[in-house]
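Welcome! Let us walk through a protein model together, step by step. Please keep the sequence and the 3D view at hand as you read.

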Amino acid sequence: MFMGNMLRLVLALCVLSSVVVTSSAQTCRSQTFSNRLFATCRDLPQLTAYLHWTYDQASGKLEIAFVHAGITTTNRWVAWAINPTNTLEPAMIGAQALVAIPQSNGSPRAYTSSIVSTRTQLEEGAISYPVSGLSATYVNNEVTIFATLTLSNDTTSFVHVWQDGPLSGTTPQEHSHETSHQNSKETLNLLSGSSTQTNGNSRQKRRNTHGVLNAVSWGILMPTGAIIARYLKVFKSADPAWFYLHITCQASAYIVGISGFGTGLKLGSDSEGVEYDTHRTIAIVLVCLGTLQVFALFLRPNKDHKFRVYWNAYHYMVGYATISLSIANVFEGFDTLENYVGSRYNNWKHAYIGIIGALGGIAVFLEAFTWIIVLKRRRSENKLPHGENGVNGYGSRPQQA
């Protein structure tokens, strides 16, 4: 009796294992469609998706069936799209999409949508390819989109993307920014069936480099240099060391910031169709202001020159404007990244908030501390005849950057 039960248990486990292995090993070649036969198919590398197609190069007719498995609820949209610009970075902007939204009453709603921004809600509209026979099914947690598109008759390959995401009522919402969603794009050769995937890590490294260079230079070194110039010169023992520290800090910030600006220009040129006008405009203004400050250093009058007071006013105003814009643009950059790749950079944003908060706290403390020193010096000077130590508490003569 015991042996019989054990045999039945082993048999059940074997059957279950075979089912699991079979389902996990599913490929496009095991998929069939009633009354439809396709010449080629491909297992797509992300999101458990498959593409079947028949292509007539002479006429440009492309008949496709896009299958997306694992859609366990009718509260998700599914889309497959071609990017006519053949741009992998970003492949989403300009993509011409076929969208399917499962319905609780059975057959999904299928329509076309032209994607013009990263904030798209996949609004229904015409696309740049003639489409016929557009329909969709939702069976066994799989959404399948059928359509025939007419491409240019010289087309041999294209960039295509595929996604799924949540719904709010009947309106598509932003898809996830996990790695599988970020990399659900490739260049597909329609004739050979081969493909080339984008190297998402390379672009992410460039984004990281751009962010780090600009946050450190414009966002941290520049305010630190201003704090050094404003507060260290109060201490007589720090003269002229404060001046050289200030120059070193600001020059380093400018050089590193120019490098960050260059990486931003490269990212922009590689991201056709993605526009972040505010971030770019502030960056250009910052580079101009920073360059003016560098040239102003070589035109700095002597301390006793009659124009020195005007130079000081210019230097302070441009300097503080640069710092304010720098900090604002760092946060604008974080918002840009959040809009483009989601919230994965939130930890960086929080770290920067902590650093700027710490610098602000140091500045407040030093402001109060230096005023105490200045007021004490003024009281002591008032007790001396003829103001021997000067009238501003900084020594016998004003010391200015």
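## Strand 4 and its partners

Strand 4 and strand 5 run antiparallel and are joined by five bridges. Two strands count as paired if DSSP finds at least two bridges between them, and both helices (H or I, at least four residues) and strands (E, at least two) are DSSP runs numbered from the N terminus. Within strand 5, Ala 97 stands opposite Ala 81. Strand 4 also pairs with strand 9, in the antiparallel sense, over eight bridges. There, His 160 of strand 9 is the bridge partner of Ile 82.

Is strand 4 mostly covered or mostly open? Seven of its eight residues are buried, where buried means under 20% relative accessible area, exposed means over 50%, and partly exposed lies in between (1.4 Å probe, protein chains only).

## How to read this model

This is a predicted model, in which local features need pLDDT of at least 70 and side-chain atom pairs count only at pLDDT 80 or more, while totals for chains, interfaces and linings use all residues. Residues are numbered from 1 along each chain as its sequence is written, and side-chain values use heavy atoms, with hydrogens and water left out.

The chain averages a pLDDT of 82 (the predictor's confidence in each residue, from 0 to 100), and 82% of the residues score at least 70. Where pLDDT is low, the predicted coordinates should not be read in detail.

Strand 2 pairs with strand 1 (residues 40-43) in the antiparallel sense over four bridges, and Leu 51 in strand 2 stands opposite Arg 42. The hairpin of these two strands has five residues between them, and Leu 47 takes a positive phi near 65° there.

Strand 2 also pairs with strand 3, again antiparallel, over eight bridges. Lys 61 in strand 3 is the bridge partner of Asp 56. Six of the eight residues of strand 2 are buried, so this strand is largely enclosed by the rest of the structure.

## The nonpolar cores

In soluble globular proteins, nonpolar side chains tend to be buried together. The largest nonpolar core here has 27 residues, and among those with the most contacts inside it are Phe 66, Trp 80 and Leu 149. A nonpolar core is a set of buried Ala, Val, Leu, Ile, Met, Phe, Trp, Tyr and Cys residues joined through side-chain atoms within 4.5 Å. Strand 2 (49-56), strand 3 (61-68) and strand 4 (76-83) are among the strands that each supply at least two residues of this core. A second, separate core of 14 residues includes Trp 77 and Val 161.

## Aromatic pairs

How many aromatic pairs does the structure hold? There are ten. Rings of Phe, Tyr and Trp (its six-membered ring) pair if their centres lie within 6.5 Å; planes under 30 degrees apart count as stacked, over 60 as edge-to-face and the rest as tilted. Phe 331 and Tyr 352 form an edge-to-face pair, 5.4 Å centre to centre with 65° between the planes. Phe 331 lies in helix 6 (residues 308-341) and Tyr 352 in helix 7 (residues 346-382), so the pair ties together parts that are 21 residues apart in sequence. Tyr 352 is buried, with a relative accessible area of 3%, whereas Phe 331 is partly exposed at 24%.
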